[in-house]
Amino acid sequence: MCSALNVGTHPAMFRTVLVVAAHPDDEVIGCGATIAKWIDTDHTLVHLLVLADGETSRSANRSPIFQREADCRSAAKILGIATMQFTRFPDQRLDEMGQLDLAKAIEAQIEHYHIEAVMTHQLED
């Protein structure tokens, strides 16, 4: 499940939204229907930032990373997501990273695409 950081304003009022997901597929599992609604009904431009690779905690083999990204691109195309960026931070280690590195990755997307709202995981995730 995802939650918006700009609380109190209906998403239809936003022209650009950034969805920040920890791993490829989190955006679809967490808020895929909401993304589709924003794009199809509200004509919102939705951009996606995927922070972690989703695989390095399981194996040193990097080929599954590329498959997960390809699957994510396919899902994003179906949903109508405008752009996506993969930072490939280490899987299951976002809490060990410096907050500055995470903030820079997110801020770069916000500035580049003139993002008006950010959608991401709930605090409990």
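## Leucine 18 in its strand

In which strand is the place of leucine 18? Leucine 18 lies in strand β2, which covers residues 16-21; strands here (E, at least two residues) and helices (H or I, at least four) are DSSP runs, numbered from the N terminus.

The model is predicted, and local features need pLDDT of at least 70, side-chain atom pairs count only at pLDDT 80 or more, while totals for chains, interfaces and linings use all residues. Residues are numbered from 1 along each chain as its sequence is written, and side-chain values use heavy atoms, with hydrogens and water left out.

When neighbours within four places in sequence are left aside, leucine 18 is in contact (heavy atoms within 4.5 Å) with His47, Leu48, Leu49, Ile106, Gln109, Ile110, Ile115, Ala117, Val118 and Met119. For methionine 119, which is 101 residues apart from leucine 18 along the chain, the separation between the two C-alpha atoms is 6.1 Å.

## Two residues with positive phi

Aspartate 25 is found in the loop between β2 and α1, the latter being residues 26-40, and its phi is near 100°, a positive value in a residue other than glycine. Aspartate 25 is partly exposed, its relative accessible area being 33%.

Arginine 88, whose place is in strand β4 (residues 83-89), has a positive phi of about 60° although it is not a glycine. Arginine 88 is partly exposed, with a relative accessible area of 36%.

Methods
Buried means under 20% relative accessible area, exposed over 50%, partly exposed in between (1.4 Å probe, protein chains only).
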